[in-house]
Amino acid sequence: MSKTRAKDERSPVADRMLRVLLPIAMLALGVVLWELVVRVGDIPPYVLPGPHLVFSTLISDWAVLGASLFVTLTTTLEGFLLAAAGGVGLAVLFNQSRLIEYSLYPYAVILQVTPVVAIAPLLLIYLPQQAAVLACAWIVAFFPVLANTTLGLRSVDHNLTDLFRLYGATRRQVLWELKLPAALPYILGGLKIAGGLSLIGAVVAEIAAGSAGAGSGLAYRIVESGYRLNIPRMFAALLLLSVAGIMIFFALSFVSHLLLRRWHESAIVREV
Amino acid sequence: MPVYPSKSSAPVVALNSVGKTFANGVVALARLDLDVRPGEFVSLLGPSGCGKSTALRIIAGLSEPTSGTVEWLEAEAASAGPRRLGFVFQEPTLMPWATVAANVRLPLKLAGLEPSAQARVDAALARVGLSGFAQSYPRELSGGMKMRTSIARALVTEPKLLLMDEPFAALDEITRFRLNNDLLALWRSLGKTVVFVTHSVFESVYLSQRIVVMTRRPGRVFAELAIDAPYPRDERFRTSADYVGYCRHVSEALASASDATDQR
(Lines give C-alpha, C1' and ligand atoms only; values in the text may rest on other atoms or scores of the structure.)
Protein backbone atom coordinates (compact mmCIF):
# COMPACT_ATOMS: atom_id res chain seq x y z
CA MET A 1 0.00 0.00 0.00
CA SER A 2 2.83 2.34 0.86
CA LYS A 3 4.22 1.56 -2.56
CA THR A 4 1.15 2.81 -4.44
CA ARG A 5 1.05 5.90 -2.26
CA ALA A 6 4.57 6.79 -3.20
CA LYS A 7 3.67 6.43 -6.85
CA ASP A 8 0.59 8.63 -6.54
CA GLU A 9 2.50 11.31 -4.76
CA ARG A 10 5.11 11.85 -7.44
CA SER A 11 5.07 15.60 -7.83
CA PRO A 12 3.32 17.05 -10.90
CA VAL A 13 6.43 19.12 -11.67
CA ALA A 14 8.58 16.02 -11.90
CA ASP A 15 5.94 14.39 -14.08
CA ARG A 16 5.88 17.34 -16.44
CA MET A 17 9.70 17.35 -16.63
CA LEU A 18 9.62 13.69 -17.61
CA ARG A 19 7.04 14.36 -20.30
CA VAL A 20 9.32 16.98 -21.87
CA LEU A 21 12.70 15.41 -21.21
CA LEU A 22 12.00 11.83 -22.28
CA PRO A 23 10.99 12.67 -25.89
CA ILE A 24 14.01 14.99 -26.16
CA ALA A 25 16.29 12.24 -24.89
CA MET A 26 14.79 9.82 -27.43
CA LEU A 27 15.36 12.37 -30.20
CA ALA A 28 18.99 12.88 -29.17
CA LEU A 29 19.54 9.14 -29.03
CA GLY A 30 18.01 8.69 -32.48
CA VAL A 31 20.10 11.45 -34.01
CA VAL A 32 23.32 10.11 -32.50
CA LEU A 33 22.54 6.56 -33.68
CA TRP A 34 21.70 7.84 -37.16
CA GLU A 35 24.99 9.78 -37.38
CA LEU A 36 26.92 6.76 -36.08
CA VAL A 37 25.36 4.38 -38.59
CA VAL A 38 26.15 6.76 -41.43
CA ARG A 39 29.76 7.29 -40.33
CA VAL A 40 30.62 3.74 -39.32
CA GLY A 41 28.93 2.25 -42.38
CA ASP A 42 30.49 4.94 -44.55
CA ILE A 43 27.13 5.43 -46.30
CA PRO A 44 27.32 7.93 -49.16
CA PRO A 45 25.12 11.04 -48.72
CA TYR A 46 23.05 10.29 -51.87
CA VAL A 47 21.89 7.11 -50.15
CA LEU A 48 21.50 8.36 -46.59
CA PRO A 49 22.86 11.70 -45.39
CA GLY A 50 23.69 12.02 -41.68
CA PRO A 51 21.82 14.46 -39.48
CA HIS A 52 24.82 16.77 -39.45
CA LEU A 53 24.78 17.07 -43.23
CA VAL A 54 20.99 17.52 -43.27
CA PHE A 55 21.26 20.33 -40.79
CA SER A 56 24.11 22.11 -42.59
CA THR A 57 22.14 21.75 -45.87
CA LEU A 58 19.19 23.33 -44.14
CA ILE A 59 21.36 26.36 -43.29
CA SER A 60 23.23 26.61 -46.59
CA ASP A 61 20.02 26.20 -48.66
CA TRP A 62 17.93 28.40 -46.40
CA ALA A 63 17.38 30.99 -49.15
CA VAL A 64 15.55 28.40 -51.26
CA LEU A 65 14.02 26.36 -48.47
CA GLY A 66 12.89 29.35 -46.38
CA ALA A 67 11.07 30.86 -49.36
CA SER A 68 9.43 27.50 -50.07
CA LEU A 69 8.46 27.10 -46.43
CA PHE A 70 6.77 30.48 -46.60
CA VAL A 71 4.81 29.45 -49.70
CA THR A 72 3.64 26.17 -48.13
CA LEU A 73 2.77 27.78 -44.83
CA THR A 74 0.77 30.51 -46.59
CA THR A 75 -1.21 27.88 -48.48
CA THR A 76 -1.72 25.88 -45.30
CA LEU A 77 -2.91 28.90 -43.36
CA GLU A 78 -5.29 29.99 -46.11
CA GLY A 79 -6.60 26.45 -46.49
CA PHE A 80 -7.03 26.18 -42.74
CA LEU A 81 -8.92 29.47 -42.44
CA LEU A 82 -11.19 28.55 -45.34
CA ALA A 83 -11.73 25.10 -43.81
CA ALA A 84 -12.56 26.62 -40.44
CA ALA A 85 -14.98 29.13 -41.93
CA GLY A 86 -16.47 26.59 -44.34
CA GLY A 87 -16.74 23.80 -41.77
CA VAL A 88 -18.32 25.91 -39.04
CA GLY A 89 -20.46 27.82 -41.56
CA LEU A 90 -21.82 24.67 -43.20
CA ALA A 91 -22.46 23.03 -39.81
CA VAL A 92 -24.44 26.07 -38.65
CA LEU A 93 -26.37 26.10 -41.93
CA PHE A 94 -27.13 22.38 -41.57
CA ASN A 95 -28.19 22.96 -37.98
CA GLN A 96 -30.60 25.72 -38.97
CA SER A 97 -32.15 23.90 -41.90
CA ARG A 98 -32.76 20.20 -42.02
CA LEU A 99 -33.56 20.36 -45.74
CA ILE A 100 -30.16 21.86 -46.56
CA GLU A 101 -28.49 19.27 -44.32
CA TYR A 102 -30.23 16.36 -46.06
CA SER A 103 -29.41 17.83 -49.47
CA LEU A 104 -25.73 18.55 -48.96
CA TYR A 105 -24.33 16.36 -46.18
CA PRO A 106 -23.82 13.24 -48.35
CA TYR A 107 -21.70 15.29 -50.76
CA ALA A 108 -19.57 16.61 -47.93
CA VAL A 109 -18.91 12.98 -47.00
CA ILE A 110 -18.14 12.02 -50.61
CA LEU A 111 -15.70 14.93 -50.86
CA GLN A 112 -14.02 13.66 -47.72
CA VAL A 113 -13.75 9.96 -48.60
CA THR A 114 -12.45 10.51 -52.13
CA PRO A 115 -8.63 10.54 -51.83
CA VAL A 116 -7.36 14.04 -52.41
CA VAL A 117 -4.33 12.69 -54.32
CA ALA A 118 -6.79 11.54 -56.96
CA ILE A 119 -8.68 14.84 -57.08
CA ALA A 120 -5.62 17.10 -57.20
CA PRO A 121 -4.59 16.46 -60.84
CA LEU A 122 -8.15 17.21 -61.98
CA LEU A 123 -8.30 20.41 -59.97
CA LEU A 124 -5.00 21.46 -61.54
CA ILE A 125 -6.57 21.18 -64.97
CA TYR A 126 -9.55 23.36 -64.16
CA LEU A 127 -8.15 25.86 -61.67
CA PRO A 128 -5.12 28.16 -61.63
CA GLN A 129 -2.34 26.41 -59.77
CA GLN A 130 -2.48 28.43 -56.56
CA ALA A 131 -6.26 28.07 -56.37
CA ALA A 132 -6.03 24.32 -56.99
CA VAL A 133 -3.50 23.85 -54.19
CA LEU A 134 -5.69 25.88 -51.88
CA ALA A 135 -8.76 23.87 -52.87
CA CYS A 136 -6.95 20.64 -51.98
CA ALA A 137 -5.93 21.97 -48.57
CA TRP A 138 -9.53 23.00 -47.99
CA ILE A 139 -11.08 19.71 -49.11
CA VAL A 140 -8.91 17.69 -46.77
CA ALA A 141 -9.29 20.00 -43.79
CA PHE A 142 -12.90 21.15 -43.76
CA PHE A 143 -14.62 17.87 -43.01
CA PRO A 144 -13.37 17.31 -39.44
CA VAL A 145 -14.47 20.86 -38.64
CA LEU A 146 -17.88 20.22 -40.18
CA ALA A 147 -18.37 16.86 -38.47
CA ASN A 148 -17.22 18.06 -35.05
CA THR A 149 -19.19 21.30 -35.18
CA THR A 150 -22.31 19.41 -36.24
CA LEU A 151 -21.91 17.09 -33.27
CA GLY A 152 -21.21 20.02 -30.95
CA LEU A 153 -24.27 21.98 -32.03
CA ARG A 154 -26.40 18.93 -31.25
CA SER A 155 -24.82 18.33 -27.86
CA VAL A 156 -26.56 21.18 -26.08
CA ASP A 157 -27.99 20.39 -22.62
CA HIS A 158 -31.73 19.83 -23.13
CA ASN A 159 -32.61 21.71 -19.97
CA LEU A 160 -30.67 24.73 -21.20
CA THR A 161 -32.57 24.54 -24.47
CA ASP A 162 -35.80 24.53 -22.44
CA LEU A 163 -34.58 27.47 -20.41
CA PHE A 164 -33.91 29.50 -23.56
CA ARG A 165 -37.39 28.58 -24.85
CA LEU A 166 -38.93 29.58 -21.55
CA TYR A 167 -37.45 33.05 -21.79
CA GLY A 168 -38.55 33.44 -25.39
CA ALA A 169 -35.08 33.39 -26.97
CA THR A 170 -34.94 34.02 -30.70
CA ARG A 171 -33.26 31.53 -33.07
CA ARG A 172 -30.36 33.91 -33.35
CA GLN A 173 -29.97 34.11 -29.56
CA VAL A 174 -30.15 30.33 -29.26
CA LEU A 175 -27.42 30.01 -31.88
CA TRP A 176 -25.04 32.64 -30.51
CA GLU A 177 -25.66 32.40 -26.79
CA LEU A 178 -26.25 28.67 -26.48
CA LYS A 179 -25.36 26.42 -29.38
CA LEU A 180 -22.06 27.94 -30.50
CA PRO A 181 -20.58 28.27 -26.98
CA ALA A 182 -21.69 24.72 -26.19
CA ALA A 183 -20.10 23.53 -29.44
CA LEU A 184 -16.85 25.41 -28.86
CA PRO A 185 -14.86 22.48 -27.38
CA TYR A 186 -15.96 20.31 -30.32
CA ILE A 187 -15.13 23.05 -32.84
CA LEU A 188 -11.66 23.46 -31.35
CA GLY A 189 -11.15 19.70 -31.49
CA GLY A 190 -12.07 19.78 -35.17
CA LEU A 191 -9.73 22.72 -35.81
CA LYS A 192 -6.85 20.87 -34.16
CA ILE A 193 -7.29 18.03 -36.65
CA ALA A 194 -7.84 20.46 -39.52
CA GLY A 195 -4.55 22.27 -38.83
CA GLY A 196 -2.49 19.17 -39.54
CA LEU A 197 -4.71 18.11 -42.41
CA SER A 198 -4.48 21.44 -44.21
CA LEU A 199 -0.70 21.04 -44.24
CA ILE A 200 -1.13 17.54 -45.68
CA GLY A 201 -3.58 18.86 -48.27
CA ALA A 202 -1.19 21.60 -49.30
CA VAL A 203 1.71 19.13 -49.61
CA VAL A 204 -0.29 16.61 -51.64
CA ALA A 205 -1.45 19.32 -54.01
CA GLU A 206 2.06 20.74 -54.38
CA ILE A 207 3.41 17.31 -55.25
CA ALA A 208 0.68 16.83 -57.83
CA ALA A 209 1.35 20.31 -59.18
CA GLY A 210 5.10 19.76 -59.06
CA SER A 211 4.86 16.76 -61.33
CA ALA A 212 2.88 19.00 -63.66
CA GLY A 213 5.97 21.19 -63.85
CA ALA A 214 5.23 24.18 -61.65
CA GLY A 215 5.34 25.22 -58.01
CA SER A 216 7.78 26.40 -55.40
CA GLY A 217 6.48 25.07 -52.05
CA LEU A 218 8.40 22.70 -49.78
CA ALA A 219 6.76 19.60 -51.20
CA TYR A 220 7.78 20.72 -54.66
CA ARG A 221 11.35 21.11 -53.36
CA ILE A 222 11.27 17.52 -52.16
CA VAL A 223 10.15 16.23 -55.56
CA GLU A 224 12.67 18.43 -57.35
CA SER A 225 15.53 17.39 -55.05
CA GLY A 226 14.56 13.77 -55.61
CA TYR A 227 14.96 14.18 -59.37
CA ARG A 228 18.39 15.72 -58.77
CA LEU A 229 19.42 13.10 -56.21
CA ASN A 230 19.97 15.94 -53.72
CA ILE A 231 19.01 13.69 -50.84
CA PRO A 232 20.27 16.00 -48.02
CA ARG A 233 17.96 18.74 -49.26
CA MET A 234 15.04 16.28 -49.40
CA PHE A 235 15.64 15.51 -45.73
CA ALA A 236 16.03 19.18 -44.87
CA ALA A 237 12.72 20.04 -46.55
CA LEU A 238 11.04 17.09 -44.84
CA LEU A 239 12.41 18.27 -41.50
CA LEU A 240 10.94 21.73 -42.09
CA LEU A 241 7.54 20.22 -42.94
CA SER A 242 7.58 18.17 -39.76
CA VAL A 243 8.52 21.17 -37.65
CA ALA A 244 5.80 23.22 -39.33
CA GLY A 245 3.24 20.51 -38.53
CA ILE A 246 4.35 20.37 -34.90
CA MET A 247 4.19 24.16 -34.56
CA ILE A 248 0.66 24.21 -36.01
CA PHE A 249 -0.44 21.54 -33.56
CA PHE A 250 1.01 23.38 -30.56
CA ALA A 251 -0.35 26.75 -31.67
CA LEU A 252 -3.87 25.31 -31.97
CA SER A 253 -3.58 23.44 -28.69
CA PHE A 254 -2.54 26.68 -27.02
CA VAL A 255 -5.47 28.64 -28.47
CA SER A 256 -7.80 25.84 -27.40
CA HIS A 257 -6.36 25.91 -23.89
CA LEU A 258 -6.78 29.70 -23.64
CA LEU A 259 -10.42 29.51 -24.69
CA LEU A 260 -11.42 26.56 -22.50
CA ARG A 261 -9.23 26.79 -19.44
CA ARG A 262 -11.80 28.46 -17.22
CA TRP A 263 -14.72 26.15 -17.83
CA HIS A 264 -14.20 22.97 -19.82
CA GLU A 265 -13.29 19.67 -18.18
CA SER A 266 -10.70 18.91 -20.86
CA ALA A 267 -8.61 21.96 -19.94
CA ILE A 268 -8.67 21.56 -16.19
CA VAL A 269 -5.86 19.97 -14.22
CA ARG A 270 -7.41 17.90 -11.46
CA GLU A 271 -6.02 17.90 -7.97
CA VAL A 272 -5.78 14.28 -6.92
CA MET B 1 -57.38 13.79 6.60
CA PRO B 2 -57.65 17.55 6.32
CA VAL B 3 -58.67 18.69 2.88
CA TYR B 4 -57.61 22.08 1.70
CA PRO B 5 -60.50 24.57 2.01
CA SER B 6 -61.32 26.25 -1.28
CA LYS B 7 -60.32 29.86 -1.13
CA SER B 8 -62.17 32.75 -2.66
CA SER B 9 -59.22 34.14 -4.66
CA ALA B 10 -59.07 33.05 -8.30
CA PRO B 11 -56.24 30.70 -9.25
CA VAL B 12 -53.11 32.11 -10.91
CA VAL B 13 -53.19 29.16 -13.20
CA ALA B 14 -55.58 26.24 -13.41
CA LEU B 15 -55.10 22.89 -15.11
CA ASN B 16 -58.49 21.53 -16.15
CA SER B 17 -58.68 17.81 -16.84
CA VAL B 18 -55.24 17.92 -18.43
CA GLY B 19 -53.95 14.79 -20.14
CA LYS B 20 -50.61 14.15 -21.74
CA THR B 21 -49.74 11.22 -23.97
CA PHE B 22 -46.24 11.11 -25.40
CA ALA B 23 -45.46 10.12 -28.97
CA ASN B 24 -44.21 6.73 -27.77
CA GLY B 25 -47.64 5.98 -26.30
CA VAL B 26 -46.77 6.59 -22.65
CA VAL B 27 -49.70 8.23 -20.86
CA ALA B 28 -48.05 10.60 -18.39
CA LEU B 29 -51.12 12.46 -17.17
CA ALA B 30 -54.81 11.66 -17.20
CA ARG B 31 -57.53 14.15 -16.22
CA LEU B 32 -55.32 16.20 -13.93
CA ASP B 33 -57.09 19.08 -12.18
CA LEU B 34 -54.94 21.56 -10.34
CA ASP B 35 -55.50 25.12 -9.16
CA VAL B 36 -52.56 27.23 -8.13
CA ARG B 37 -53.65 30.14 -5.95
CA PRO B 38 -51.86 33.48 -5.66
CA GLY B 39 -49.07 33.56 -3.11
CA GLU B 40 -49.33 29.94 -2.00
CA PHE B 41 -46.60 27.36 -1.61
CA VAL B 42 -47.92 24.17 -3.13
CA SER B 43 -46.06 20.90 -3.61
CA LEU B 44 -46.74 18.18 -6.15
CA LEU B 45 -45.83 14.93 -4.46
CA GLY B 46 -45.75 11.55 -6.08
CA PRO B 47 -43.62 8.53 -6.88
CA SER B 48 -40.94 8.86 -9.55
CA GLY B 49 -42.37 8.89 -13.03
CA CYS B 50 -45.89 9.89 -11.96
CA GLY B 51 -45.97 12.86 -14.30
CA LYS B 52 -45.36 15.64 -11.77
CA SER B 53 -42.53 17.06 -13.84
CA THR B 54 -44.70 16.81 -16.93
CA ALA B 55 -47.42 18.80 -15.15
CA LEU B 56 -44.86 21.45 -14.24
CA ARG B 57 -43.58 21.62 -17.81
CA ILE B 58 -47.13 22.06 -19.05
CA ILE B 59 -47.64 24.98 -16.66
CA ALA B 60 -44.36 26.46 -17.90
CA GLY B 61 -45.48 26.11 -21.51
CA LEU B 62 -42.55 23.82 -22.29
CA SER B 63 -44.95 21.02 -23.12
CA GLU B 64 -48.43 21.06 -24.66
CA PRO B 65 -51.25 19.05 -23.07
CA THR B 66 -52.84 16.51 -25.41
CA SER B 67 -56.21 17.08 -23.77
CA GLY B 68 -57.72 19.52 -21.30
CA THR B 69 -56.88 23.19 -20.85
CA VAL B 70 -54.51 25.46 -18.98
CA GLU B 71 -56.14 28.67 -17.82
CA TRP B 72 -54.26 31.70 -16.67
CA LEU B 73 -55.54 34.51 -14.54
CA GLU B 74 -56.52 37.44 -16.75
CA ALA B 75 -53.63 39.61 -15.61
CA GLU B 76 -51.11 36.79 -16.10
CA ALA B 77 -52.31 36.03 -19.59
CA ALA B 78 -51.67 39.64 -20.62
CA SER B 79 -47.97 39.31 -19.86
CA ALA B 80 -47.86 35.88 -21.41
CA GLY B 81 -45.13 36.71 -23.96
CA PRO B 82 -42.33 35.06 -22.12
CA ARG B 83 -44.66 34.33 -19.18
CA ARG B 84 -43.73 35.93 -15.94
CA LEU B 85 -42.49 32.76 -14.38
CA GLY B 86 -39.23 31.36 -13.15
CA PHE B 87 -38.23 27.73 -13.54
CA VAL B 88 -35.68 25.80 -11.50
CA PHE B 89 -34.68 22.46 -12.96
CA GLN B 90 -33.60 19.34 -11.12
CA GLU B 91 -30.03 20.02 -12.24
CA PRO B 92 -28.60 23.50 -11.82
CA THR B 93 -28.63 23.83 -15.65
CA LEU B 94 -26.00 26.55 -15.80
CA MET B 95 -24.00 27.53 -18.85
CA PRO B 96 -20.51 26.21 -17.97
CA TRP B 97 -18.80 28.76 -20.21
CA ALA B 98 -20.34 31.75 -18.44
CA THR B 99 -19.65 33.26 -15.04
CA VAL B 100 -22.23 33.11 -12.24
CA ALA B 101 -23.19 36.73 -12.96
CA ALA B 102 -23.57 36.04 -16.69
CA ASN B 103 -25.71 32.99 -15.95
CA VAL B 104 -28.01 34.99 -13.72
CA ARG B 105 -28.13 37.81 -16.27
CA LEU B 106 -29.26 35.45 -19.05
CA PRO B 107 -33.06 35.89 -18.74
CA LEU B 108 -32.66 39.67 -18.82
CA LYS B 109 -30.31 39.47 -21.78
CA LEU B 110 -32.72 37.29 -23.72
CA ALA B 111 -35.50 39.77 -22.99
CA GLY B 112 -33.36 42.67 -24.21
CA LEU B 113 -33.13 44.22 -20.73
CA GLU B 114 -29.36 44.22 -20.64
CA PRO B 115 -28.80 47.92 -19.75
CA SER B 116 -30.65 47.77 -16.45
CA ALA B 117 -29.44 44.28 -15.66
CA GLN B 118 -26.45 44.84 -13.39
CA ALA B 119 -28.37 46.05 -10.35
CA ARG B 120 -30.93 43.27 -10.68
CA VAL B 121 -28.26 40.62 -11.07
CA ASP B 122 -26.47 41.93 -7.98
CA ALA B 123 -29.73 41.95 -6.03
CA ALA B 124 -30.61 38.40 -7.11
CA LEU B 125 -27.15 37.13 -6.15
CA ALA B 126 -27.37 38.90 -2.79
CA ARG B 127 -30.73 37.24 -2.11
CA VAL B 128 -29.22 33.77 -2.44
CA GLY B 129 -26.02 34.72 -0.61
CA LEU B 130 -23.67 34.53 -3.59
CA SER B 131 -22.55 38.16 -3.85
CA GLY B 132 -18.89 37.22 -3.59
CA PHE B 133 -19.06 34.68 -6.40
CA ALA B 134 -20.30 36.78 -9.33
CA GLN B 135 -17.13 36.19 -11.34
CA SER B 136 -16.75 32.49 -10.52
CA TYR B 137 -17.47 29.81 -13.07
CA PRO B 138 -20.06 27.13 -12.29
CA ARG B 139 -17.48 24.37 -12.07
CA GLU B 140 -15.77 26.23 -9.25
CA LEU B 141 -18.93 26.06 -7.11
CA SER B 142 -20.32 23.35 -4.84
CA GLY B 143 -23.60 21.62 -5.71
CA GLY B 144 -25.54 23.81 -3.30
CA MET B 145 -24.01 27.00 -4.67
CA LYS B 146 -24.82 25.95 -8.22
CA MET B 147 -28.43 25.45 -7.17
CA ARG B 148 -28.44 28.88 -5.49
CA THR B 149 -27.20 30.37 -8.76
CA SER B 150 -30.02 28.60 -10.55
CA ILE B 151 -32.54 30.05 -8.07
CA ALA B 152 -31.04 33.53 -8.45
CA ARG B 153 -31.48 33.22 -12.20
CA ALA B 154 -35.13 32.22 -11.76
CA LEU B 155 -35.69 35.22 -9.46
CA VAL B 156 -33.90 37.84 -11.56
CA THR B 157 -36.92 38.58 -13.75
CA GLU B 158 -39.00 39.00 -10.59
CA PRO B 159 -41.61 36.44 -11.66
CA LYS B 160 -44.85 36.06 -9.71
CA LEU B 161 -44.81 32.31 -10.17
CA LEU B 162 -41.82 30.13 -9.37
CA LEU B 163 -41.82 26.55 -10.67
CA MET B 164 -39.34 24.16 -9.10
CA ASP B 165 -38.75 20.63 -10.37
CA GLU B 166 -37.13 18.58 -7.57
CA PRO B 167 -34.45 21.25 -7.25
CA PHE B 168 -32.75 19.82 -4.17
CA ALA B 169 -33.04 16.11 -4.94
CA ALA B 170 -29.36 15.73 -5.77
CA LEU B 171 -28.01 17.60 -2.74
CA ASP B 172 -26.76 16.26 0.54
CA GLU B 173 -29.11 16.54 3.51
CA ILE B 174 -27.41 19.43 5.30
CA THR B 175 -27.29 21.56 2.16
CA ARG B 176 -30.83 20.56 1.40
CA PHE B 177 -32.13 21.67 4.81
CA ARG B 178 -30.31 24.97 4.50
CA LEU B 179 -31.70 25.61 1.03
CA ASN B 180 -35.18 24.64 2.27
CA ASN B 181 -34.91 27.33 4.94
CA ASP B 182 -33.54 29.88 2.49
CA LEU B 183 -36.29 29.09 0.01
CA LEU B 184 -38.98 29.59 2.67
CA ALA B 185 -37.40 32.91 3.68
CA LEU B 186 -37.37 34.04 0.04
CA TRP B 187 -40.94 32.95 -0.47
CA ARG B 188 -42.10 34.84 2.59
CA SER B 189 -40.17 38.03 1.82
CA LEU B 190 -40.90 38.15 -1.91
CA GLY B 191 -44.53 37.02 -1.83
CA LYS B 192 -44.22 34.69 -4.84
CA THR B 193 -46.39 31.76 -5.73
CA VAL B 194 -44.34 28.56 -5.67
CA VAL B 195 -45.16 25.23 -7.27
CA PHE B 196 -42.66 22.71 -5.95
CA VAL B 197 -42.28 19.20 -7.35
CA THR B 198 -40.74 16.62 -5.04
CA HIS B 199 -40.82 12.93 -4.23
CA SER B 200 -39.85 13.58 -0.60
CA VAL B 201 -42.69 13.50 1.93
CA PHE B 202 -40.51 15.23 4.53
CA GLU B 203 -39.48 18.03 2.24
CA SER B 204 -43.03 18.65 1.02
CA VAL B 205 -44.43 18.82 4.57
CA TYR B 206 -41.68 21.13 5.74
CA LEU B 207 -42.12 23.60 2.90
CA SER B 208 -45.72 23.62 1.75
CA GLN B 209 -49.05 25.07 2.71
CA ARG B 210 -50.70 22.50 0.52
CA ILE B 211 -49.60 19.15 -0.82
CA VAL B 212 -51.09 17.64 -3.94
CA VAL B 213 -50.54 13.89 -3.86
CA MET B 214 -50.46 12.33 -7.31
CA THR B 215 -51.05 8.74 -8.34
CA ARG B 216 -48.66 6.57 -10.26
CA ARG B 217 -48.62 7.03 -14.05
CA PRO B 218 -50.92 8.08 -15.58
CA GLY B 219 -50.76 10.87 -13.04
CA ARG B 220 -53.84 12.48 -11.61
CA VAL B 221 -54.62 14.12 -8.28
CA PHE B 222 -55.26 11.57 -5.55
CA ALA B 223 -55.54 13.86 -2.54
CA GLU B 224 -54.92 17.41 -1.44
CA LEU B 225 -53.61 17.94 2.08
CA ALA B 226 -53.25 21.23 3.90
CA ILE B 227 -50.26 21.74 6.17
CA ASP B 228 -51.59 24.35 8.55
CA ALA B 229 -48.47 24.77 10.66
CA PRO B 230 -47.58 28.47 10.90
CA TYR B 231 -44.57 30.08 9.28
CA PRO B 232 -41.74 30.83 9.90
CA ARG B 233 -40.93 27.15 10.10
CA ASP B 234 -37.52 26.18 11.35
CA GLU B 235 -35.63 23.29 12.94
CA ARG B 236 -38.11 23.32 15.86
CA PHE B 237 -40.92 22.52 13.43
CA ARG B 238 -38.81 19.84 11.78
CA THR B 239 -38.48 18.04 15.11
CA SER B 240 -42.01 18.69 16.41
CA ALA B 241 -44.77 16.14 16.94
CA ASP B 242 -46.96 18.11 14.52
CA TYR B 243 -44.41 17.64 11.78
CA VAL B 244 -44.19 13.92 12.39
CA GLY B 245 -47.99 13.71 12.38
CA TYR B 246 -48.25 15.53 9.05
CA CYS B 247 -45.54 13.34 7.58
CA ARG B 248 -47.46 10.21 8.62
CA HIS B 249 -50.67 11.51 7.03
CA VAL B 250 -48.93 12.42 3.83
CA SER B 251 -47.03 9.11 3.70
CA GLU B 252 -50.31 7.22 4.12
CA ALA B 253 -51.89 9.27 1.35
CA LEU B 254 -48.89 8.57 -0.88
CA ALA B 255 -49.10 4.84 -0.14
CA SER B 256 -52.83 4.77 -0.92
CA ALA B 257 -52.17 6.76 -4.09
CA SER B 258 -49.75 4.09 -5.26
CA ASP B 259 -52.18 1.29 -4.39
CA ALA B 260 -55.03 3.12 -6.12
CA THR B 261 -53.32 2.75 -9.45
CA ASP B 262 -52.14 -0.78 -8.84
CA GLN B 263 -55.73 -1.98 -8.55
CA ARG B 264 -56.79 -0.49 -11.85
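Colleague: In which sense do strand S8 (residues 210–214) of chain B and S9(B) pair, and over how many bridges?

Modeller: Two strands pair if DSSP finds at least two bridges between them, and strands (E, at least two residues) and helices (H or I, at least four) are DSSP runs numbered from the N terminus. Here S8(B) and S9(B) pair in the antiparallel sense over five bridges, and B:Ile211 has B:Leu225 in S9(B) as its bridge partner. Before going on, please note that this is a predicted model, in which local features need pLDDT of at least 70 and side-chain atom pairs count only at pLDDT 80 or more, whereas totals for chains, interfaces and linings use all residues. Residues are numbered from 1 along each chain as its sequence is written, while chains are lettered from A and ligands numbered from 1 in the order in which they are written.

Colleague: What is the order of the strands in the open sheet of chain B, and which strands stand at its edges?

Modeller: The order of this six-stranded open sheet is S5-S6-S7-S3-S8-S9, with mixed pairing. Strand S5 (85–88) and strand S9 (221–226) of chain B each have a single partner strand, so they stand at the edges and one side of each is left without a neighbour in the sheet. Ignoring direction, neighbouring strands are turned by 15 degrees against each other on average. Helix H5 (residues 143–155) of chain B packs on the sheet, touching S5 and strand S6 (161–165), and its direction makes about 165 degrees with that of S5(B).

Colleague: How is the packing of helix H6 (residues 116–126) of chain A and helix H7 (residues 129–154) of chain A described?

Modeller: Two packed helices are described by the angle between their axes and the distance between the axes. Axes are lines fitted to C-alpha atoms, for helices over the stretch in contact, and angles run from 0 to 180 degrees between N-to-C directions. For H6(A) and H7(A) the angle is about 155 degrees, with the axes 9 Å apart. That makes H6(A) roughly antiparallel to H7(A), given that angles under 35 degrees count as roughly parallel, over 145 as roughly antiparallel, 65 to 115 as roughly perpendicular and the rest as oblique. Two residues are in contact if their C-beta atoms, placed from the backbone, lie within 7 Å, and the contact includes A:Leu123 of H6(A) and A:Ile139 of H7(A). By class, this contact has ten nonpolar, one polar and no charged residues, where Ala, Val, Leu, Ile, Met, Phe, Trp, Tyr, Cys and Pro count as nonpolar, Asp, Glu, Lys and Arg as charged, and the others, Gly among them, as polar.

Colleague: At what angle do helix H3 (residues 51–60) and helix H11 (residues 231–260) of chain A pack?

Modeller: They pack at about 75 degrees, with their axes 8 Å apart, and that makes H3(A) roughly perpendicular to H11(A). Among the residues making the contact are A:Leu58 of H3(A) and A:Phe235 of H11(A), and its classes are seven nonpolar, one polar and one charged.

Colleague: How many residues does the contact take from chain A and from chain B?

Modeller: The contact takes 16 residues from chain A and 16 residues from chain B. On the side of chain A that touches chain B, the largest share, seven residues, comes from H8(A), and the residues of that side divide into nine nonpolar, three polar and four charged.
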